[in-house]
Amino acid sequence: MATAPDHGPSAAQAGRVALVTGGGKGVGAAIAHALAADGMRVALMGRDRAALERSAKACGGLVVEADVADAAALDRGLAAVREAWGSIGVLVHNAGIAPSAPLKATTDEVWEQTMAVNVTAAFRLSRAVVPAMVDAGWGRIVNIASVAGLTGFAYTSAYCASKHALVGLTRALAAELAKTRVTVNAVCPGFLDTEMTARTVANITAKTGKSPEDARRALEELSPQRRLFQVEEVAHVVRMLCAESARGIHGQAISVCGGQVMR
């Protein structure tokens with residue numbers, strides 16, 4: 001009996017192992033659920049065990065409690081995924097922090113922690129998983145950066161620098177791996193309608209005296225579409241990048257910002 005061809009990603013992705021950092025809430029949870037819907041086995045890594053468990057329950061995922069800024073914890077988390085499911089075929093580094101302060105108030109500790117979470121963790125994870133991807137003849141690395149990795153914003157020197165570094169890491173790895181079947185890309189969202197943005201709104205309100213409504217509106221107006229973006233929009237791009245037919249998309253920093261940054 002002939003069967004109809006499958007044009008979606010699910011059949012090709014069934015059984016692949018994906019690791020999503022910061023997978024307990026917000027965009028990380030949305031990405032984990034999208035990849036699980038495509039048939040992947042998804043490990044969710046982060047520090048908030050309760051959030052990880054809620055997200056994992058919704059997508060049948062594996063909880064990996066680990067601070068991505070801690071190299072030893074990261075190694076233990078990777079070992080746990082491999083012991084449970086084998087080699088990782090998809091790495092999505094989504095974990096991130098977004099401190100905001102004037103330059104003179106940005107301490108060494110804030111700078112170093114921001115770099116550790118936002119970019120050093122991505123470097124360590126990539127170094128750990130790429131050899132097996134190359135050996136397997138297939139792999140996807142997607143780094144969740146930000147429009148702050150493509151342009152600059154006041155009072156966010158550590159955050160902007162870390163996201164620019166993450167985009168740079170993405171492009172360097174893409175150049176190095178171009179002859180393999182491993183692709184490396186970054187997704188660069190604008191302000192998302194998440195808890196992190198709610199904290200940004202509260203910070204703007206506290207420092208400027210603006211109402212929460214006005215502070216939120218100021219963030220919305222950064223985009224030509226005059227809105228905050230939904231986590232599902234970012235998950236959609238990640239899902240697309242993991243498709244078999246996306247091999248030619250490599251070394252890109254794809255904006256999800258309604259035209260705020262065009263390059």
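These questions and answers walk through one predicted model. Residues are numbered from 1 along each chain as its sequence is written, and side-chain values use heavy atoms, with hydrogens and water left out. Local features need pLDDT of at least 70, side-chain atom pairs count only at pLDDT 80 or more, and totals for chains, interfaces and linings use all residues.

Q: What is the mean pLDDT of the chain?
A: pLDDT is the predictor's confidence in each residue, from 0 to 100. Here 96% of the residues reach 70 or more. The mean is 92.

Q: Are helix 5 and helix 6 roughly parallel or roughly antiparallel?
A: Helices (H or I, at least four residues) and strands (E, at least two) are DSSP runs, numbered from the N terminus. Axes are lines fitted to C-alpha atoms, for helices over the stretch in contact, and angles run from 0 to 180 degrees between N-to-C directions. The axes of helix 5 (residues 108–136) and helix 6 (residues 157–177) come within 8 Å and cross at roughly 15°. Angles under 35 degrees count as roughly parallel, over 145 as roughly antiparallel, 65 to 115 as roughly perpendicular and the rest as oblique, so these two helices are roughly parallel.

Q: How does helix 2 lie to helix 9: oblique or roughly parallel?
A: The axes of helix 2 (residues 26–37) and helix 9 come within 8 Å. They cross at roughly 45°. Helix 2 is therefore oblique.

Q: Is Glu244 buried or partly exposed?
A: Glu244 sits in the loop between helix 9 (231–241) and strand 7 (253–256). Beyond four places in sequence, Glu244 contacts Ala12, Gln13, Arg16, Trp138 and Arg140. Buried means under 20% relative accessible area, exposed over 50%, partly exposed in between (1.4 Å probe, protein chains only). At 35%, Glu244 is partly exposed.

Technical notes
Contact = heavy atoms within 4.5 Å.
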